[in-house]
Amino acid sequence: MSSEFSPQVQNQIAQIQQVQQQAQTLAMQKSQIDVMIKETEMAVEELEKSADDAVVYKSVGELMIKSDKASLLTSLKERQESFSLRVQSIERQEERLNSRFKQLQEQLQSMIGTSGGGEDED
Amino acid sequence: MAISEQEARQLVAEYQEYQRNVEALQGQMEMVRNTLAGCDSSISTITALKEAAANGSSESVIPVGSGCFVHAEIRDFSKVIVNVGSGANIEKNVDDALAFLAERKSKLENMIQELNESLAQFLQKMREIESVLN
């Protein structure tokens, strides 16, 4: 960040960078949850293909506990639902961050416009 | 073609973004390759066990760490418990387990191909920027 800028402009740029970092963190979290959703979908698909009396186990830490197809499916579907809710929550946070980003950017542009020092803005 | 300082900065920023994407893709590719290697290893092990069962051999040794093994006898060669993801494990007969692993392997290979294509696109864009900046 250039020291040619006034402290107000520097502060504004720092806020924009902070919002960008938060947006990156959210995007990373969302992509991790998307991977888990995909994995759960595939597990559900595979389980649905198996016979109703198939022998199934649920992983609990290092152990595998014998279960049954119906309850394992229910547990996987609950997991899917919980991931979907987390994705929705992240999307809402992303929307808020986007509007905050635009607001900060507009403020910065008007600050630079007012001070007439707009040639060095990154 | 001469470019302004502002344009050059923009290109450098784009280049850095592509570089970050390339690094992320390379990391993903490494993970997928490791998973693929694990898949290959499971296919070989299950196939070897299947052959051993066909030869009437049930004696084996199991690892207990630090290169040490104890004797074990495999009671049932006909079933394999397969982790299908998200903590779900299904008992399958050997052939079904092998078919499942072969399908998983094929998906992983496709994934590597897609990642390679994306990687090539990013590297191409980086080369284009390099040629403008040099």
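Visitor: Is Glu46(A) buried or exposed?

Guide: This is a predicted model, in which local features need pLDDT of at least 70 and side-chain atom pairs count only at pLDDT 80 or more, while totals for chains, interfaces and linings use all residues. Residues are numbered from 1 along each chain as its sequence is written, chains are lettered from A and ligands numbered from 1 in the order in which they are written, and side-chain values use heavy atoms, with hydrogens and water left out. Relative accessible area, taken with a 1.4 Å probe on protein chains only, is called buried under 20%, exposed over 50% and partly exposed in between. Because its relative accessible area is 10%, Glu46(A) is buried.

Visitor: Which residue has a side chain joined to that of Glu46(A) by a polar contact?

Guide: Glu46(A) belongs to helix α1 (residues 7-49) of chain A, where helices (H or I, at least four residues) and strands (E, at least two) are DSSP runs numbered from the N terminus. With contact meaning heavy atoms within 4.5 Å, and leaving aside neighbours within four places in sequence, Glu46(A) is in contact with Val84(B), Ile90(B), Lys92(B) and Phe100(B). A polar contact is a pair of N or O atoms within 3.5 Å, of which, within protein, one must be able to donate a hydrogen and the other to accept it, and residues adjacent in sequence count only if both atoms are side-chain atoms. At 2.9 Å, the side chain that makes such a contact with Glu46(A) is that of Lys92(B).

Visitor: What is the volume of the second largest pocket?

Guide: On a 1 Å grid over the protein atoms alone, a pocket is an open set of points where a 1.4 Å probe fits, with protein on both sides within 12 Å along at least five of seven lines, and lining residues have an atom within 4 Å of a point. The lining of the second largest pocket includes Glu46(A), Lys92(B) and Phe100(B), and its residues divide into two nonpolar, one polar and six charged. Grid points are joined across faces, edges and corners, and a volume is the space filled by probe spheres set on the points; for the second largest pocket it is about 170 Å³.

Visitor: Which elements each supply at least two residues of that lining?

Guide: Among the lining residues are Lys49(A), Ile90(B) and Glu103(B). The elements that each supply at least two residues are α1 of chain A together with β4 and α2 (94-133) of chain B.

Visitor: What is the phi of Ser86(B)?

Guide: Ser86(B) sits in the loop between β3 (79-85) and β4 (88-93) of chain B, and it counts as buried because its relative accessibility is 11%. Not counting residues up to four places away in sequence, Ser86(B) touches residues including Met36(A), Thr40(A) and Arg79(A). Most residues other than glycine have a negative phi. Although Ser86(B) is not a glycine, its phi is positive, at about 55 degrees.

Visitor: Is Ser66(B) buried or exposed?

Guide: Ser66(B) also lies in a loop, the one between β1 (59-65) and β2 (68-73) of chain B, and has a positive phi of about 50 degrees although it is not a glycine. Because its relative accessible area is 78%, Ser66(B) is exposed.

Visitor: How far apart in space are Lys125(B) and Tyr15(B), C-alpha to C-alpha?

Guide: Lys125(B) is found in helix α2 of chain B and counts as partly exposed because its relative accessibility is 35%. Lys125(B) and Tyr15(B) are 110 residues apart in sequence, and the distance between their C-alpha atoms is 8.1 Å.

How values were computed. Ala, Val, Leu, Ile, Met, Phe, Trp, Tyr, Cys and Pro count as nonpolar, Asp, Glu, Lys and Arg as charged, and the others, Gly among them, as polar.
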